[in-house]
Amino acid sequence: MASWGEASESRLIGKRIPRLSGKDKVTGKAKYTFDINRPGLLYGRILRSEVARANVVDLDLSEAEAMPGVKAVLPLVEVGRQIRYQGQEIAAVAAETDDIAKDAIRRIRVDLEELPFVVTEEDAMAENAPQIRDDWAGNQSEPNVREEGDINAGFEQAAVEVEATYHTPVQTHVCLETHGHVAEWEDDENLTVWASTQGVFGVRNDLAGHFNLPANQVRVITEHMGGGFGSKFGPGVEGRTAANLARATGRPVKLMLTRKAEHLVAGNRPSMTQHVRAGATSDGRIIAYDMKGYGTGGISSGAGFQAPYVYHVPNRRTERRNVAVNVGNQRAMRAPGHPQGAFAMDSLMDELAEKLGMNPLEFRRINDPSEVRQAQYTLGAQEIGWHRRNSVPGSGTAVKKRGIGVGSGQWGGGGGDGTQARVTINADGTVEAVTGTQDIGTGVRTAIAIIVAEELGLNPTDVMVKVGDSGPGLPSGGSGGSQTTASVAPVIKTAAAAAKQKLFERVAPQLEASVEDLRVGNRTIYVVSDRTKTIKWELATGQLGMESISEGGHWDRELRQGGVAGTQFAEVEVDTETGAIRLIKIVAVQDCGLAINRLTTESQINGGVIMGLGQALLEERFMDPQTGRMLNANLEDYKVPGTFEIPEIKSIVFDTHRKVTGVGEPPCIPTLGAIANAVYNAIGVRIRELPITPDKILTALAEKKA
Amino acid sequence: MEKFSYVNATSVEQVTTLLSDSRWGEVMLVAGGTDLLGELKEYIETPKTLINLKTLPGMEGIKVDETTGLTIGALTTVADIAKHPTIRHHYAVVAEAAGSIATPQIRNVGTLGGNLCQRPRCWYYRDEATNCLKKGGDICFAVDGLSKYHAILGGDPVYIVHPSDLAPALIALGASVKIVGPEGEKTMLLEDFFTLPAANPFRENVLQSNEIVVEVQVPPAKPNTKSFYLKAREKGAPDFALASVAAVFEMDGKTCASASIVLGGVAPAPWRSKEAEAALTGKMIDDSVSRQAGADAVKDAQPLNDNAYKVTLTQNLVSRAAMMAAS
Amino acid sequence: MPDKEKKQGTNISRRNFLKGVGTGTVAATVAPSVLIGAEKEADAQTGDAVASATIQLNINGKPYQVEVEARTTLLTVLRDGIDTSGTNIDLTGAKLICDRGECGGCTVMVDGKTVYACMMLAMDAEGKQITTVEGLADGDNLHPVQDAFVQHDALMCGFCTPGFVVSSAALLSENTKPTLEEIKVGLSGNTCRCGTYPFIFDAVKTASKKM
């Protein structure tokens, strides 16, 4: 049975290894889609609607078309169709320079007949709201109702009850490299696209379908990409438009979204509002849970969230609805549905524990079915100094008050079948590993090198890894669901093992040994039973001549596993006069399965925590009910964490088993509840709406005082 | 940005002449550009010509004189103000305000003149498609809209807040501003330089279309002076003030001989709180005196839908500054 | 249904939606493959207005001559500019991320001080020493900051990294032994969305030991 072996046997796997792309990234040599300069390159721009809902009455491209330097103008909406959100595409331009393209889209004339719109959930659900979706009465989907156990019997057993409403607003991905493509046609039937994507093959297949081409006549390249977080799978309107503009002009076209468009149309995490009533028994078991909630994913559906979350509730009823608004659609965002659900659930847990007069950590221990998290609670509590928390929340007279809180999360991330890869050993001793996955910043390129190097007794830098290119025709899935490493690693390992086997077969006769008796290490193949018999790596490979060894692999299920648990503890300091929250420390204990590279795994945990703290303390999309427009489609008023927001973060790679699993998403989940509970512990006032900003703190403190 | 022509200014006279010969908004001035380029990129402004003031001789630098005080040229960068030893030592409120502005990259190019003359950050004003009152439209959208970052004092009929950090600090020190126009130069109290929307909804100061700010003068630092700039933000940086307080105290032990309290981020102009000053002057500062000063500072506040918290926040910042003076 | 536009007193109209259309248009003569869109009117040194000009830039110690419009930003020249000899400048390390001087992706040094290249007009950079992330290493020898960023994994997707590297190098050139708080101040004009900050702080500390 395939296995990764024991930790003691691993020379590279599980160690801290700097990523292979590091040097290119720190010197500016790394070329992202945004950096691709092609001979004859044109610049694309898209004119977007500034109104939320309107009928398109007329569209006149002529003035733009007549501008010097403009090479193509394409309509993206038909006269007579309806605009359904701000940012919706109207027309696109390709021009000799980006500035000309910007000038040109301003000279496109569009006549819009404005219609009543709704951009907030409250307005959408109001009695006289305009109906913006024909299929949803009152702009709401049919409720999704689920029941388990006997909720009435549950509440009868409850010694305490909590009833509360929790809310998280829409968050946007804020990929630093905006969505974008460079499209270039070699001829009428061969298209190359550099794409800022999480799914090279997904983009290839979409574009091949769009242009009715055989898939292998579209090549998609993503050598480096600047963040996706779930929002970058297909080519989208902008990707197809780039290819259409390139086709129309016969020249390569670069079309990157503006920062504003990135906020408006490139996806977001849906909002969540949930009204929950829950009860617990006097011995500390959550016994009943009744939740009615909704969220908006824009004009589309997809506003789901986890409720209840993590903790076991035997009797429960949940009812969820989607609310439609005239705003750009949601897309998957780092652990879709989980952070929202975790914030509400962990807040609820603390509220129930307080009513029971129970330590919130003890209350979790009673209700958490995960053995892994039980161990993590012990470790995390020790690291944060849980005993230091306020036994009476909000007690004391200090202006600046400290508090400690805890939150939890879970995720799948076990990978999936479908990746093809090749590991090649060349006569000159070089080794290549090729697969069609993409490195979106997680470090999978380095993980691949580590696995191959471990297997072949080399160093990671000895392995040339080629990812992010559909050209070699070795497909792999999109980088979503924290599935990448668990999907790719088993295939790479088995491919490397197969290549090694082939090389051993080649040299076994001259070493007068059986293949089973051979090992490789330190660039030398040796015989286990007689260590005097060796052959240097280059001498062995030198015999291959023109016949490189090139082997594929397979997705061996035994090498990966899904399901990870995590918990986080936060310590905060709240200035009760200004409402400012300073994070002191966050301890993240994250089950990672087998961490191929401990260094990049820690980076991912840090990153999850920081995205989580942004959602907890800063991030919110503001939609103006008067104009239908987003008021903070920038990085000034849409606030993402900066250096001052970063506390001491203790990221603990919590080793559980020796199988590969994914960890990209889960560390952003428990942060929200941990921070919200820490704030409560500090000031004794609960903020049930994220982000927890100074206005909410000051308002809540004033209400408490009154 | 729309296209424009660029002029490297050679003299103040040339600048005022060019301004005089053009319609409002056709010719605009630029120094660091960190504010103006944002407006051009949003097409809030579409000037035909930009005059680059950075090439003007003699308008950059900080001069310290024991009898006349401090003179800061309008082209002096925020970074140079923040790190100037005399300012740090004797005019702490200015150094603290300068150091709180935006980011290192902005402070390296942003200038004193630009900081004083910057336009509002209001999210309705900064949206090209929203024709708000400030841009010649009919209403201030903050009144019925999302007003978390808007004014609680002096707003009617435009509820922007003035974004400058240096202005409240300099006003609190009694600074004057030197302005040059076609008729020559004039000097006025910086406090009088700023205007409220009730007087002119389109502008934040009294600068005429053909005048430029050339320097700011700060009276000599008085002995026994303590000064502070307290700035509340949602995010460490870059972030404009939710509310800020520039406070300058002449102290005699714990007794406040005089106080100068100027609020930022809460009104369309830097807001001098004579009420808070009166509550402190001549008093031995203790908890209740400082609280009274805070309460007096906001007693005329009229919050909008989303910014009542600013009343509490401002009150607390004023009280905190007073307590810091006494400690 | 009441007319939302009238009811709420908004002032959005089709006219306003198209605001700017046709305003201030200058007859544009486009020279393909260069950045200019208008004829040069006069020389910048004389105090006359210029719509475009050929300017000399010193980037990473190398002289470049490039034709720009008045509105062309330094960032546009670095990334998309074409030298009058016909070569792409192609210094794509500095990125356009927020396009408003808020995120630091386009950070470069001008005369040793960090600036946002997206908020600086190219004409203003004439005669100054411009250093981009590509100019920090000495051949194959990485700048200590670059080396420390790699060793500490102070990057993930890497899109913000050039800006952080330049800001870190500038910080250490002014303050060779910064405290954690000083590092946070020094890098407060740069934004990372992947959340690499803790390792960036570590990297700057490590690099400071080699300065």
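How many residues does the contact take from chain B and from chain C?

1. The contact takes 39 residues from chain B and 44 from chain C, contact being heavy atoms within 4.5 Å. Bear in mind that this is a predicted model, where local features need pLDDT of at least 70, side-chain atom pairs count only at pLDDT 80 or more, and totals for chains, interfaces and linings use all residues. Residues are numbered from 1 along each chain as its sequence is written, chains are lettered from A in the order in which they are written, and side-chain values use heavy atoms, leaving out hydrogens and water.

2. Together, chains B and C bury about 3400 Å², with 51% of that on carbon and sulfur atoms. Buried area here is the accessible area (1.4 Å probe) that two parts lose on being put together, summed over both. On the chain B side, look at B:Lys3, B:Tyr6 and B:Gln105: they supply 22% of the area that chain B buries against chain C, more than any other three residues.

3. The rule finds three salt bridges across this B and C interface (a side-chain nitrogen of Lys or Arg within 4 Å of a carboxyl oxygen of Asp or Glu). There is also a salt bridge to look up by name: the side chains of B:Lys41 and C:Asp99 meet at 2.5 Å, N to O.

4. Within chain C, helices H5 (residues 161-174) and H7 (residues 197-208) pack at about 40 degrees, axes 11 Å apart. Helices are DSSP runs (H or I, at least four residues), numbered from the N terminus. Axes are lines fitted to C-alpha atoms over the stretch in contact, with angles running from 0 to 180 degrees between N-to-C directions.

Key:
Helices (H or I, at least four residues) and strands (E, at least two) are DSSP runs, numbered from the N terminus.
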